[in-house]
Amino acid sequence: MRSSQLALRSLSLFGSENPCGGIITEATSKADAAAMRVVSRRGAARLVLVSAIAWAMLGLVALAFHLRPCSSPVAFLSALCKKDNKVLSVLDSMGLSLKPLHRCPIPVADDPNAVAIPKRTPNTIVKKLSYITIDKQDKDPSPLFGGRQNWKQREESFKLNSTMKVHCGFMKNSGADMDIIDVKYIQKCKFVVASGIFDGYDIPHQPSNISRRSQKLFCFLMVVDEVFLDFIEKNTTVKVDNAGGKWVGIWRLITVHHLPFDEPRRNGKIPKILTHRLFPQAWYSIWIDGKMELIVDPLLILERYLWRGKYTFAVAVHKHHRSIYEEGDAIKRRKRYARPLVDLQMKMYYYEGMEPWSPKKKMPSDVPEGAVLIREHTTMTDLFSCLWFNEVNLFTPRDQISFGYVVHRLGDALKFFMFPNCEYNSLFILHRHTREHSSKVEWAKTIDEIVKKGLKESRGGLGLWTPYPADLSSVELPAVKRTSPAG
C-alpha cells in the first residue's frame, strides 16, 4: 500500500500516465504547451494575413464593378446596378458599396467647333453695379475682407435698383492679393475655367476631352495659396513661362497672398463665389472644385447650360436635399460646422420668410451641388454672387444654406437653371481630398463651449455674434424628415 502511494506521489510530482503508455513528464508538457502556443500564433497570423488579402481582393473587385458602367453586356455586372440587388445590399452593409454614381447622358452638342457663341445677355434690371471698398466705421489698420456690413446695409442690398453699390469682398488693404504678372495675364481672359486649392487639400487634376478651340478660347486658372504652391513645387513639375507665369499642365497657377480668413473654408469661397472679382474681364466662367477632374469640353457646357435656354447662371440640384433646413440638419449631424451657429443662421432665415422647399416653389430645389458653377457675368449674376458671398461672410461658411436664401430674396430677377443631379455627376470625375479638413469649431455643441475654448472666428462669421434686430428666442425651426441615409 505504501509503495503504491509513493508511486502515485512520484507521478504527481514528475508527470502523468499517458493513455497510450509511458509517462508524460512536466518538462514534456511545458514543451508541448509552448509548441502549441507557437502554432496558434502562426495560425492566427496566417488567418489575419489571408483575411486581409481576401478583403483587399474583395475591395478591388468592388472598385472594378463600381467603375464599370451599368450598361455592361455581362448580365451579372449589369445586375449589380439594380437598387434592390441582394449582392449589392450585402456588400453595402460591409462598407464596400458598389453603387454607381448617379449619372445620365448630357444632351450636349456633338462638336465644339460647330457651337455658335451668342451675343451677351443685356443688363436690364441692374444696369450698373459697383462695390464698397472702404467702411468708414472700420478703423482697423487691417480691414476685414468682407467689410463690416450692418443689418440695414444687408437689407438694402436685396432691394433691386438700376444702379447699385454693395459689399462684395476685397475691401481696401484686406488681403487676397495677386502677383502683378498674374494680374496682367488674366486681363485677356474672357472665357474662364476656374478652380482653387488652399492649404494643400487637393492636387490639380488635368481636364480631358478639351477641344483645340476651347484650349485657345479658355483660360484655365487654378487659384492657390502659398502653402499649396510650396507643396506643388516640391512634388511635381511646375513650368515657368517667359513672363514668369507658373503652369501645371493646362492650369495657369494664380497665387493669392495674405489670405484674409482664419478659417480655410472661407478662403476657398473667394475664388469660387467671387470669380467675377478675381477675374473682372471674364464674360463667362465655369467653376469646379479642386478635387474634380473636368471631362466635358467647356464650350459644350456653356452651350448646354446657358446659351440653349438663355440662362445666365446654372447649378445642379443637390442629390439628397431640397430644403435648406434639411441641409442644415445634415451639416449638424456630420459636424461640418458648430451646431448652435448653424441653428442661429437658419432661425434668421426662417424668421425672414424662408419657407422649407415644396413642389409649389418655382425652383426645383433650394439646395445646390455647389462644386460646379456655370455663369455668364451679367450685372445681375455678379450681384447674386456678391450677396451670396456676403451671407457666407456674415454667417457660417456653409454656402449651400445661404444659396437658397439669396435666390428666395431675389425672386425671379435672375435667370437660373438648376439641372438634374445625374448630369452634374457626368461632368467630372470626383477624386478624394489628399486630407480632410476639420476645425475645432465644427465639433462645438454650445455657444458657451465656443466662447470658453476660444473657437470663435476673428475675421468671418461676425454676423452670428452681432445682436440681431429681432427676438429669435421664440422661433422654432420647421421639422426635418431625413430623406436619405447618406444625406
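**Close-up views of a predicted model**

View 1. T378 counts as buried because its relative accessibility is 6%, where buried means under 20% relative accessible area, exposed over 50% and partly exposed in between (1.4 Å probe, protein chains only). This residue lies in the loop between β14 (368-376) and α14 (379-394); helices (H or I, at least four residues) and strands (E, at least two) are DSSP runs, numbered from the N terminus. Leaving aside residues up to four places away in sequence, T378 touches R120, T121, N123 and T312, contact meaning heavy atoms within 4.5 Å. The model is predicted: local features need pLDDT of at least 70, side-chain atom pairs count only at pLDDT 80 or more, and totals for chains, interfaces and linings use all residues. Residues are numbered from 1 along each chain as its sequence is written, and side-chain values use heavy atoms, with hydrogens and water left out.

**View 2. Helix α13 and its cover.** Helix α13 (residues 339-351) has 13 residues and reaches 18 Å from its first C-alpha to its last. This is close to the expected 18 Å, the expected span being 1.5 Å times one less than the number of residues. Its buried residues are P340, L341, V342, Q345, M346, M348 and Y349. Among the elements that cover them are α5 (151-157), α12 (324-333), α14, α15 (399-410) and α17 (447-452). G353, with a positive phi near 100°, follows α13.

**View 3. N393 in helix α14.** N393 lies in helix α14 and is buried, with a relative accessible area of 9%. Not counting residues up to four places away in sequence, N393 touches G146, G147, F261, R266, R459, G460, G461 and L462. The C-alpha atoms of N393 and G463 are separated by 8.1 Å, although the two residues are 70 apart along the chain.

**View 4. D399 and two lysines.** A salt bridge joins the side chains of K269 and D399 (2.8 Å, N to O), the term denoting a side-chain nitrogen of Lys or Arg within 4 Å of a carboxyl oxygen of Asp or Glu. K269 lies in helix α9 (residues 264-273) and D399 in helix α15, so the pair ties together parts that are 130 residues apart in sequence. K272 and D399 also meet in a salt bridge (2.9 Å, N to O). This pair again links helix α9 with helix α15, here across 127 residues. K269 and D399 are both buried, and K272 is buried as well.

View 5. K234 forms a salt bridge with D230, the closest N and O atoms being 3.2 Å apart. Both residues lie in helix α8 (residues 226-235), 4 residues apart, about one turn of the helix. K234 counts as exposed at 63% relative accessibility, whereas D230 counts as partly exposed at 39%.
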